[in-house]
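Subject: Structure for you to look at

Hello,

Here is the structure I said I would pass on. Please open it beside this email and follow along; my notes come below it.

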Amino acid sequence: MSDDKPLRQSREQQTADISEAQIAVHWQEEDYFAPPAKFIAQANLTDAGIFERFSLDKFPECYREFADLLEWYKRWDKTLDTGNAPFWRWFVGGKLNACSNCVDRHLAKHKNKAAIHFVPEPEQEAVQHITYQELFVRVNEFAALLRDFCGLKTGDRVTLHMPMVAELPITMLACARLGVIHSQVFSGFSGKACADRAVDSESRVLITMDAYYRAGKLLDHKEKADIAVAEAATDGHRIDKVLVWQRYPGKYSSPTKLVEGRDVIINDLLRKYRGKRVEPVPMPAEAALFLMYTSGTTGKPKGCQHSIGGYLAYVTWTSKYIQDIHPEDVYWCMADIGWITGHSYIVYGPLSLGASSVIYEGVPTHPDAGRSWRIAEDLDVNIFHTSPTAIRALRRAGPDEPAKYNHHFKHMTTVGEPIEPAVWKWYFTEVGKGEAVIVDTWWQTENGGFLCSTVPAIHKMKPGSAGPGIPGIHPVIYDDEGKELPAGSGKAGNICIRNPWPGIFQTIWKDPDRFVAQYYARYCKNPKSKDWRDWPYLAGDGAVQAADGYYRILGRIDDVINVAGHRLGTKEIESAALLVAEVAEAAVVPVADEIKGKVPDLYVSLKPGLNASKELANKISAAVVSAIGAIARPREVVIVPDMPKTRSGKIMRRVLAAISSHQDPGDVSTLANPEVVDKIRELVK
Ligand code: PRX
């Protein structure tokens with residue numbers, strides 16, 4: 001950081017005039033639930049002394065225990081280097097390979113064991129059980145193809161736009177084997193969104209699949225690759241090669257034609273690489289493993305860069321002790337690998353531990369509300385991991401369905417958004433049949449792995465609260481003035497983490513200033529300091545800590561909406577709307593939704609002389625879907641005569657949010673145009 005400019009920028013950015021925390025649904029403190037004795041008897045972590053071992057005075061050396069779960073070519077010399085704060089470097093001097101840690105090291109004992117159970121959405125299609133030996137062979141052959149056909153080498157970036165299929169972790173691990181940085185884009189995102197990420201990461205190779213199943217339909221996915229390449233070209237970036245996996249090997253399932261000289265069918269080309277083996281590249285611990293783009297306060301998504309050593313150590317430890325994964329467990333995380341949860345807790349964490357990880361292609365309630373429980377029963381899944389949105393959807397579709405199946409979970413996770421106590425209790429009683437422990441894990445794309453959660457065999461559970469910081473994580477809540485709220489005060493403030501941890505992202509790809517401004521500047525005690533104690537990490541969530549030390553997360557304090565557990569920047573949606581020629585101004589506000597938690601409402605005003613119409617609203621909505629993806633589709637597009645504004649011309653999103661939620665917008669008399677509020681309210685009725 002060259003001067004203190006980012007500090008000032010960030011303070012402005014983070015004083016949004018509407019925050020989710022302000023409109024968050026608050027619920028009462030709940031009674032505790034004890035973890036089942038049967039769970040405790042087998043748990044990996046039962047010693048409450050762990051918190052002493054990970055107290056702040058043992059920092060950072062306590063984290064050696066995390067790294068010791070991995071296989072190293074060369075041990076690290078320094079556990080944490082803070083010389084270029086806040087760009088922390090973990091396990092400096094160490095060398096390892098993420099792929100060999102997730103695959104090769106299990107062969108001696110577990111080569112015959114299923115690494116991946118791939119469950120296709122069509123129920124008549126057989127489940128594929130991929131052993132560690134088979135995973136080893138397929139990863140090696142594909143790594144050889146990436147190296148020899150694509151010319152990819154250590155440090156290059158590759159964009160993946162793949163659905164939930166076994167070929168996705170195979171692709172990620174093949175990249176990791178070569179030290180190539182993968183950047184997987186959620187398959188539900190549009191071709192344009194894929195292009196933006198490929199351009200930012202300067203990927204010359206795009207890896208995709210011809211088609212995949214979603215809600216009973218075989219979707220054409222290849223068409224998005226064509227859009228991505230064309231959109232990237234308009235940004236002056238050339239994607240040289242598009243590699244296409246076939247959903248049905250040997251058969252091309254997309255109506256979109258292949259482009260000669262650019263597109264290659266991987267399954268055909270792989271024949272040339274049969275039997276090839278590629279030595280894993282010993283990589284520096286602080287080299288990048290992957291980029292994961294996420295939404296923030298500006299229109300442009302940011303590429304969170306995760307390291308090899310710190311990240312892998314962190315997800316391995318948390319998978320073992322918070323997810324309680326044992327090698328014999330069958331573990332199913334229903335997230336999408338296109339999000340951080342899938343990277344950490346479908347692929348890297350479980351495979352690093354040699355577990356069997358389930359990958360389900362499609363919709364949890366397809367073809368009926370019992371589907372998820374049939375999968376769990378048939379594969380004898382005993383650890384289950386999903387989001388409140390999925391739990392709400394499963395509950396609505398079939399509240400009594402779980403009881404009809406003979407599945408038994410020992411452990412269940414919820415992640416991504418606050419879970420209402422009533423939904424938590426259904427999860428506990430019906431899905432878990434009262435036998436499973438639940439962890440409510442709070443963390444973010446930037447964090448690599450869990451930050452707050454109960455330790456499942458040590459703490460009691462409290463519905464609606466995530467729990468304390470996990471071992472090694474020391475949260476603190478600051479008020480807006482930078483004063484620390486007393487521990488357990490029950491008062492809302494901005495949750496931060498006092499200390500760095502190995503899973504924290506290293507930087508925002510190509511934007512180190514924004515990294516500092518957004519996450520560290522606000523509560524930094526001294527921008528010149530090289531002492532980690534001066535650099536609390538700002539998570540961007542509002543939270544309260546109860547007297548028992550448990551944290552309850554209230555929601556974002558910035559312009560980010562959490563839709564179905566996925567982050568969308570309001571600015572991203574607004575930028576997409578502004579691409580429509582007729583639109584003069586756009587403002588997005590979050591509205592509560594029974595299933596998805598929050599959904600966006602989009603308010604627009606038109607350029608002079610233009611009239612509102614249903615067609616125009618539809619066109620604007622379609623523009624948002626094409627720029628980002630269906631997940632960002634506004635609930636309503638409201639075309640307003642004018643935006644409510646302050647005298648300085650700022651759009652008052654708080655007023656719009658109140659109107660969308662049918663709440664009182666409060667005193668609007670100080671607005672430049674108070675009369676518009678009633679007109680908008682009329683429109684929304
Ligand atoms: O607001 C918090 C919410 O999700 C945000 C992070 O979103 P993302 O980076 O997409 O990662 C989601 C999965 C790790 C957070 O800033 N959030 C995440 N977990 C919880 C949560 N809110 C409440 N309770 C949680 N357990």
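Helix 9 passes helix 14 in a right-handed crossing. To find the pair, look at residues 167-178 for helix 9 and residues 340-352 for helix 14. Their axes are 12 Å apart, and the helices pack at an angle of about 60°. Angles of 65 to 115 degrees would count as roughly perpendicular, and those under 35 degrees as roughly parallel. Helix 9 and helix 14 are therefore oblique to each other. Please keep in mind that this is a predicted model.

Next, the ligand. Which residues are closest to it? Of the 16 residues that surround the ligand, the closest are Asp440, Thr441, Thr445, Asp541 and Arg556. Sorted by class, the shell contains five charged, five nonpolar and six polar residues.

- Thr441: a backbone N or O atom lies 2.8 Å from a nitrogen atom of the ligand.
- Gly416: a polar backbone atom is 3.0 Å from a nitrogen atom of the ligand.
- Glu417: a polar backbone atom is 3.3 Å from a nitrogen atom of the ligand.

How much of the ligand does the protein cover? On its own the ligand has 540 Å² of accessible area, and the protein covers 96% of that. Two elements, strand 20 (437-441) and strand 25 (551-556), are the ones that give two or more residues to the shell around the ligand.

Last, some backbone details. Most peptide bonds are trans, and most residues other than glycine have a negative phi.

The peptide bond from Ala85 to Pro86 is cis, with omega near 0°. Pro86 sits in the loop that runs between strand 1 (78-81) and strand 2 (89-92). Another cis peptide bond joins His366 and Pro367, where omega is about 0°. Pro367 belongs to the loop between strand 17 (356-360) and helix 15 (371-379).

Asp324 is not a glycine, yet its phi is positive, at about 55°. You will find Asp324 in the loop between helix 13 (309-321) and strand 16 (330-333).

Regards

Note on methods: Residues are numbered from 1 along each chain as its sequence is written. This is a predicted model: local features need pLDDT of at least 70, side-chain atom pairs count only at pLDDT 80 or more; totals for chains, interfaces and linings use all residues. Side-chain values use heavy atoms; hydrogens and water are left out. A residue is near a molecule or strand if one of its heavy atoms lies within 4 Å of it. A polar contact is a pair of N or O atoms within 3.5 Å; within protein, one must be able to donate a hydrogen and the other to accept it, and residues adjacent in sequence count only if both atoms are side-chain atoms. Accessible areas come from the Shrake-Rupley method with a 1.4 Å probe; for residues, only the protein chains shown count as cover. Helices (H or I, at least four residues) and strands (E, at least two) are DSSP runs, numbered from the N terminus. Ala, Val, Leu, Ile, Met, Phe, Trp, Tyr, Cys and Pro count as nonpolar, Asp, Glu, Lys and Arg as charged, and the others, Gly among them, as polar. Axes are lines fitted to C-alpha atoms, for helices over the stretch in contact, and angles run from 0 to 180 degrees between N-to-C directions. Angles under 35 degrees count as roughly parallel, over 145 as roughly antiparallel, 65 to 115 as roughly perpendicular and the rest as oblique. A crossing is left-handed if the near helix is turned anticlockwise from the far one by less than a right angle, and right-handed if clockwise.
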